[in-house]
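Hello,

Here is the structure I promised to pass on. My notes follow below it.

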Amino acid sequence: MRQISMRDAINEALHLEMARDPRVIVLGEDVSGGAGGTSGQRDAAGGVFGVTKGLLPKFGEDRVIDTPISESAIIGAANGAALAGLRPVAELMFADFLGVCFDQVFNQAAKFRYMFGGKTSCPIVIRAATGAGMNMGAQHSQSMYAMVTGVPGLKVVVPSNAYDAKGLMLTAIRDDDPVIFFEHKALYPRKSDVPEGDYTLPFGEANLVREGEHVTVVAIGRMVSFAEKALDALAADGITADLLDPRTLSPLDDETIYESLDNTGHLVIIDESPPRCSVAADIAGLVASNAFHSLKAPIVQLTPPHTPVPFARELERAYVPGPQAIEAAIRKMLKESRAAS
Amino acid sequence: MSLPRDLLLRAYRQMKTIREFEERLHVEIQTGEIPGFTHLYSGQEAVAVGVCEHLSDQDWIASTHRGHGHCIAKGCDVQGMMLEIYGRRDGLCKGKGGSMHIADMTKGMLGANAIVGGGPPIAVGAGIACKIAKCGNVAVAFGGDGSANQGTVFEAMNLAVVLRAPVIFVFENNGYSEHTGASYAVGSGDIAGRARGFGMPAETCDGSDFFAVYDAMAKLLKTARAGGGPATLEAKTTRFFGHFEGDPMLYRAKDEVARHREQMDCLQIFRDRVGKEGWLQSAELDAIDTDVMALIDSSVAKSRAAVPPSASDLLTDVYVSY
Ligand SMILES: Cc1ncc(C[n+]2csc(CCOP(=O)(O)OP(=O)(O)O)c2C)c(N)n1
Ligand SMILES: [Mg+2]
């Protein structure tokens with residue numbers, strides 16, 4: 001099958017859905033680019049990560065809207081357009097800029113349906129680049145998905161590969177609730193098999209990336225590929241794992257985690273956001289409440305430390321949980337568990 | 001009227017230092033040794049220096065993602081900045097901040113800022129502190145044409161007017177926010193006019209001309225320091241590089257940068273003026289050029305050889321104690 005990057009996979013989903021549904025619009029800073037420039041070239045950026053490239057030439061300025069730097073107005077306008085019957089896909093550029101427009105996300109979009117007695121929908125998608133690993137510093141590298149996962153009314157997607165990203169984006173745009181779609185910057189160029197046509201992936205259904213017997217590894221976003229590397233190394237010693245990629249954090253497929261734990265009894269959660277009130281902590285809490293008797297060892301949460309994302313290469317490398325740290329954590333857990341039993 | 005000789009010499013030195021710092025970074029970034037992404041200030045030097053030559057360490061500035069020029073003009077240590085940009089342990093922010101987060105409170109430098117529109121409200125707070133201290137100090141909020149469209153900036157401007165806070169909002173209109181032209185994104189095209197709408201005086205000036213910036217700032221500062229409240233300066237300028245290093249600049253006419261380097265080079269404009277007026281000799285300026293090159297060379301050499309932070313540094317500085 002054809003391999004394309006996650007960037008191109010999301011781009012393809014946007015093209016498909018804009019062609020299929022005239023209500024879909026795209027808005028954000030430089031989603032096309034070149035407006036007001038001196039070269040006369042439009043689509044000069046196609047988004048700062050190139051994800052919205054080619055949409056403007058195809059769908060025109062009414063539906064592909066370059067905005068000023070005004071995040072509150074961008075997300076607010078997406079909300080209003082959604083209430084008025086459109087299906088906006090708003091690009092926030094870096095997820096860190098949620099800080100500028102958080103009211104429109106969690107007071108407005110998240111609550112319309114509930115506050116208005118279920119009589120309205122706010123079908124927006126907010127696309128945001130997430131994650132560390134490119135030395136972009138403390139205000140351009142955060143993993144903010146836990147913050148929005150905790151808000152009732154928002155759906156949260158964190159794809160780990162190109163195939164999932166395309167199918168999940170198509171689902172996100174067709175979903176009648178507000179969806180925050182976190183795209184890891186380091187995954188944009190990563191290629192995988194992606195079918196050409198239309199396909200959707202359901203929300204709230206974890207992907208069993210690998211099957212194994214000794215441990216259940218739950219990994220989010222970029223951490224999935226790191227976990228795979230760690231498991232490759234462990235396979236040499238006969239250690240195998242169920243590797244689960246939740247794909248959507250809200251809704252969360254916790255049932256699949258419990259089922260896997262039934263077999264393995266050991267849980268390692270790998271999350272790129274800081275440890276307190278994180279998705280790792282949330283999953284650990286759910287498991288402790290609902291599947292305690294499956295556990296043969298304390299749950300391991302592998303996350304960065306409780307610090308902002310540092311700039312220097314050496315510090316950022318130490319900050320992000322990498323394949324070696326994951327491998328070491330799994331080995332340690334199984335060893336201690338064996339010693340205890 | 002001529003400005004004092006030492007001021008002219010210092011202003012030139014500052015502008016030249018910024019220029020060479022940035023031109024050198026442009027080259028060094030190609031080697032891959034510098035982490036992250038960097039926004040260069042080349043072309044806009046006259047704005048930072050024309051503004052900051054009026055300021056002391058007791059005055060404050062809030063900067064932007066394109067902050068190296070503001071930092072140097074405000075007196076931040078050049079070697080310390082270079083180390084920081086290389087992500088070294090002895091950098092101004094211990095390698096934790098990087099290019100977009102250089103700060104030095106001892107110099108009245110409230111920080112570069114990677115959030116567009118993050119700085120102006122902070123400057124208003126510093127202005128409030130100045131007002132309470134009654135020492136005639138001020139705060140300056142630097143921002144670009146793109147930042148002039150951010151709600152936080154409007155809130156800051158109105159708050160400063162309401163409180164009569166001594167804050168100067170300096171908008172460096174270089175024609176672009178990222179890949180989008182100001183003629184598209186700034187509704188009226190008239191940033192100074194917006195400021196007047198909030199009820200504060202505003203000037204526009206040629207941001208490639210140190211003297212134009214310096215004079216406009218002098219006028220606005222007079223009222224601000226005397227308790228007359230905020231003011232705005234819109235400086236028309238240009239950037240000589242892309243938005244960030246690596247930007248192919250598809251949105252700019254092919255010859256635009258070359259043309260602007262030819263016609264809007266603040267260093268050349270300064271040299272022409274002080275020569276024509278007979279204020280400074282070109283040999284004096286050449287000597288400064290030599291000094292500056294040596295400073296940049298040694299800053300880069302030391303930064304390349306410097307040690308990185310160690311993994312244990314990761315956990316410090318999050319709180320005062322924990
Ligand atoms: C809140 C926020 N939105 C968007 C960005 C991405 N961004 C960084 S710089 C920039 C353009 C800024 O334009 P301008 O204010 O004119 O400053 P210039 O880059 O021209 O110096 C944008 C959109 C950001 N850093 N912060
Ligand atoms: Mg600009």
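**Sheet and helix in chain A**

Helix α12 (residues 323-340) of chain A lies across β10, β13 (267-270) and β14 of chain A, and runs at about 170 degrees to β14(A). Contact here means heavy atoms within 4.5 Å. Axes are lines fitted to C-alpha atoms, for helices over the stretch in contact, and angles run from 0 to 180 degrees between N-to-C directions. Helices (H or I, at least four residues) and strands (E, at least two) are DSSP runs, numbered from the N terminus.

A word on conventions. This is a predicted model: local features need pLDDT of at least 70, side-chain atom pairs count only at pLDDT 80 or more, and totals for chains, interfaces and linings use all residues. Residues are numbered from 1 along each chain as its sequence is written, chains are lettered from A and ligands numbered from 1 in the order written, and side-chain values use heavy atoms, without hydrogens or water.

The sheet in chain A is open, with five strands in the order β9-β11-β10-β13-β14 and mixed pairing. Two strands pair if DSSP finds at least two bridges between them. β9 (207-210) and β14 (300-302) of chain A are the edge strands, each pairing on one side only. From one strand to the next, the twist averages 25 degrees. β10 (residues 215-219) and β11 (residues 241-245) of chain A are parallel and share four bridges. Val218(A) has Leu244(A) in β11(A) as its bridge partner.

**Magnesium site in chain B**

What coordinates the magnesium ion (ligand 2)? The donors are Asp145(B) (OD), Asn174(B) (OD1) and Tyr176(B) (O), at 2.1 to 2.2 Å. Donors are N, O and S atoms within 2.8 Å of the metal (3.2 Å for Na, K and Ca); water is not among the atoms, so sites may look incomplete. Asp145(B) sits in the loop between β2 (139-144) and α6 (151-163) of chain B, and Tyr176(B) in strand β4 (residues 176-177) of chain B, so the pair ties together parts 31 residues apart in sequence. Asp145(B) is buried at 1% relative accessible area. Tyr176(B) is buried too, at 8%. Buried means under 20% relative accessible area, exposed over 50%, partly exposed in between (1.4 Å probe, protein chains only).

**Interface**

48 residues of chain B contact 40 residues of chain A. The two chains bury about 3400 Å² between them, 60% of it on carbon and sulfur atoms. Buried area is the accessible area (1.4 Å probe) that two parts lose on being put together, summed over both.

Best wishes
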